[in-house]
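Here are my notes for you, in numbered points. Have the model open while you read, and click along as we go.

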Amino acid sequence: MKVSFPVPPAVAFDYLADPHHRPEWQSSLDRVEDVDGEPRVGQTWVDVTRPRLRPAMETTELDRPHRWTETGTWRGISATLTLVFTETAAGCDVEPTMVLRGRGVLAPVARVLGLAAPYAVRSDLRHAAGRLAP
């Protein structure tokens, strides 16, 4: 599921880890709100999705330019996305890992969404890579 970026890891990392850029490349987002400062562990914001869901987001891991993790929660569903950045001769590869969990009646919904999520994430990362292309 790696996606190749035509820029060094630090450039891709800075772009992807900053919530302000998310609506530019994440297809499900309309906008972000309430961004709490600069990218760091503990940074929070609210994603406002096109269907108007408003998951609360938090950066839970930030090891620039190697690894970044966010967790989002909305009602009984949580999603954790980790991006691992590896330098290549042409720029870098970004490898996503996504885990969705649901509680109670939302557990089956999370399982179904979890099947489609990796493909959506890969598509969004390809879009981001295109935006960073010279």
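1. Let's begin with the bend. Helix α3 has a kink of about 40° at Ala116, shortly before the proline Pro118. The bend at a residue here is the angle between axes fitted to the seven residues ending there and the seven starting there. Helices (H or I, at least four residues) and strands (E, at least two) are DSSP runs, numbered from the N terminus.

2. A quick word on what you're looking at. This is a predicted model, where local features need pLDDT of at least 70 and side-chain atom pairs count only at pLDDT 80 or more, while totals for chains, interfaces and linings use all residues. Residues are numbered from 1 along each chain as its sequence is written, and side-chain values use heavy atoms, with hydrogens and water left out.

3. Back to α3. From its first C-alpha to its last, this helix of 26 residues reaches 36 Å, close to the 38 Å expected at 1.5 Å a residue. (The expected span is 1.5 Å times one less than the number of residues.)

4. Which residues of α3 are buried? They are Ala107, Ala110, Ala117, Val121, Asp124, Leu125, Ala128, Ala129 and Leu132. Buried means under 20% relative accessible area, exposed over 50%, and partly exposed in between (1.4 Å probe, protein chains only). An α-helix has 3.6 residues a turn, so residues three or four places apart point the same way. The buried residues of α3 pack against β1, α1, α2, β6 and β7.

5. Now find the sheet. Seven strands make an open sheet in the order β1-β7-β6-β5-β4-β3-β2, with antiparallel pairing. At the edges stand β1 (3-5) and β2, each with a single partner strand, so one side of each has no neighbour in the sheet. From one strand to the next, the twist averages 30°. Two strands count as a pair if DSSP finds at least two bridges between them.

6. At the β1 end, β1 and β7 (residues 91-102) pair in the antiparallel sense over three bridges. Look for Val3, whose bridge partner in β7 is Val94. Helix α1 packs on the sheet, touching β1, β4, β5, β6 (77-88) and β7, and its direction makes about 160° with that of β6. As for α3, this helix lies across β1, β6 and β7, running at about 160° to β7. For these angles, axes are lines fitted to C-alpha atoms, for helices over the stretch in contact, and the angles run from 0 to 180 degrees between N-to-C directions. Contact means heavy atoms within 4.5 Å.

7. Now β3. Five of its six residues are buried, so β3 is largely enclosed by the rest of the structure. Four bridges join β3 to β2, and the two run antiparallel; Arg31 has Val48 in β3 as its bridge partner. Three bridges join β3 to β4, also antiparallel, with Thr44 opposite Glu58 in β4. The β3 and β4 strands form a hairpin with six residues between them, and Arg52 in the turn has a positive phi of about 75°.

8. How many salt bridges does a search of the whole structure find? There are 10, where a salt bridge is a side-chain nitrogen of Lys or Arg within 4 Å of a carboxyl oxygen of Asp or Glu. One of them joins Asp14 and Arg64, with the closest N and O atoms 2.6 Å apart. Asp14 is in helix α1 (residues 9-17) and Arg64 in the loop between β4 (56-63) and β5 (67-74), so this pair links distant parts of the chain, 50 residues apart. 

9. Two more pairs are worth a click. Glu24 and Arg131 meet in a salt bridge through their side chains (3.7 Å, N to O). Glu24 lies in helix α2 and Arg131 in helix α3 (residues 107-132), so this pair ties together parts that are 107 residues apart in sequence. Glu24 is partly exposed at 31% relative accessible area, and Arg131 is partly exposed at 45%. The other pair is Arg54 with Glu33, whose closest N and O atoms are 2.5 Å apart. Salt bridges that share partners join Asp30, Arg31, Glu33, Arg50, Arg52 and Arg54 into one network.

10. Last stop: Gln26, in the loop between α2 (22-25) and β2 (29-33). Buried or exposed, which is Gln26? Gln26 is buried, with a relative accessible area of 12%. Not counting residues up to four places away in sequence, Gln26 touches Asp47 and Asp124.
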